[in-house]
Amino acid sequence: MRTAQQILADSAVIAVVGASRDPNKAAHAVPLQMQRHGWRIIPVNPTVDELFGERAYKTLADIPHPVDMVNVFRPAADAVQVVRDAAAIGAPAVWLQQGIVSAEARQIAEEAGMDYVEDRCLAVERAVNALTRRA
């Protein structure tokens with residue numbers, strides 16, 4: 001399994017399940033920060049059509065192209081289904097944001113051969129490791 005830093009370095013396209021239009025929420029600020037540093041953010045939110053200048057999709061299955069990572073901003077109870085959905089689309093990695101932990105989701109990811117990170121913030125990891133996708 002790759003480390004959190006390796007997953008970030010290897011990923012260019014991140015699907016964000018639970019991305020929020022509310023700028024006061026981490027589910028808005030974190031994906032926006034990642035986008036500003038060069039990652040392509042694909043919002044997954046059934047209540048919006050567009051976020052961060054990108055088309056939003058209702059489900060992971062609706063995204064018409066591959067993603068490198070699925071980032072989860074949903075409660076731990078929802079993470080299990082999100083990880084199943086990520087496995088179904090062939091995502092190589094799943095990242096549960098800070099405060100989200102699920103032993104069942106971890107087991108599903110491991111059985112599907114996906115890299116898995118939980119209870120860690122993408123933006124913090126990006127900053128601590130000084131990572132960027134910009135040339």
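Buried, in these notes, means under 20% relative accessible area. The model I am reading is predicted.

**Entry 1: strand E1**

I began with E1, residues 13–17. How many of the five residues of this strand are buried? I found five of the five, so E1 is largely enclosed by the rest of the structure.

**Entry 2: partners of E1**

I then looked up what E1 pairs with. Five bridges join E1 to E2, residues 40–44, and the two run parallel. Four bridges join E1 to E5, residues 69–72, again parallel. I picked out Ile 14 on both sides. Its bridge partner in E2 is Ile 41. In E5 its bridge partner is Met 69. Ala 15 stands opposite Val 70 in E5.

E1, helix H2 (residues 26–36) and E2 make a right-handed β-α-β unit.

**Entry 3: the sheet**

Which order do the five strands take? I read E2-E1-E5-E6-E7, an open sheet with parallel pairing. E2 and E7 (115–117) are the edge strands, each pairing on one side only. Neighbouring strands are turned by 20° against each other on average, direction ignored. Helix H3, residues 76–88, packs on this sheet and touches E1, E5, E6 and E7. The direction of H3 makes about 160° with that of E6.

I went back to E2, as an edge strand. Four of its five residues are buried, so E2 is also largely enclosed by the rest of the structure.

**Entry 4: helix H4**

Which residues of H4 are buried? I noted Ala 105, Ile 108 and Ala 109. Seen down the helix axis, the buried residues fall within an arc of 100°, so they line one face of H4. The general rule I had in mind: an α-helix has 3.6 residues a turn, so residues three or four places apart point the same way. What covers the buried residues of H4 includes H3 and E7. The face turned away from the buried side carries Ala 103 and Glu 111, both exposed. After H4 comes Gly 113, with a positive phi near 80°.

**Entry 5: Ser 102**

Last, I checked the loop between E6 (93–96) and H4 (103–112), where Ser 102 is found. Is Ser 102 buried or exposed? Its relative accessible area is 8%, and the cut-off is 20%, so Ser 102 is buried. The side chain of Ser 102 reaches the backbone nitrogen of Ala 105 at 3.0 Å. Ala 105 is one of the buried residues of H4. I left aside neighbours within four places in sequence and listed the contacts of Ser 102: Ala 76, Ala 79, Val 80, Leu 96, Tyr 116 and Glu 118.

Terms used. Residues are numbered from 1 along each chain as its sequence is written. This is a predicted model: local features need pLDDT of at least 70, side-chain atom pairs count only at pLDDT 80 or more; totals for chains, interfaces and linings use all residues. Side-chain values use heavy atoms; hydrogens and water are left out. Buried means under 20% relative accessible area, exposed over 50%, partly exposed in between (1.4 Å probe, protein chains only). A polar contact is a pair of N or O atoms within 3.5 Å; within protein, one must be able to donate a hydrogen and the other to accept it, and residues adjacent in sequence count only if both atoms are side-chain atoms. Contact means heavy atoms within 4.5 Å. Two strands pair if DSSP finds at least two bridges between them. A crossover is right-handed if, with the strands pointing away from the viewer, the path from the first strand over the helix to the second runs clockwise. Axes are lines fitted to C-alpha atoms, for helices over the stretch in contact, and angles run from 0 to 180 degrees between N-to-C directions. The arc is that of the directions from the helix axis to the C-beta atoms.
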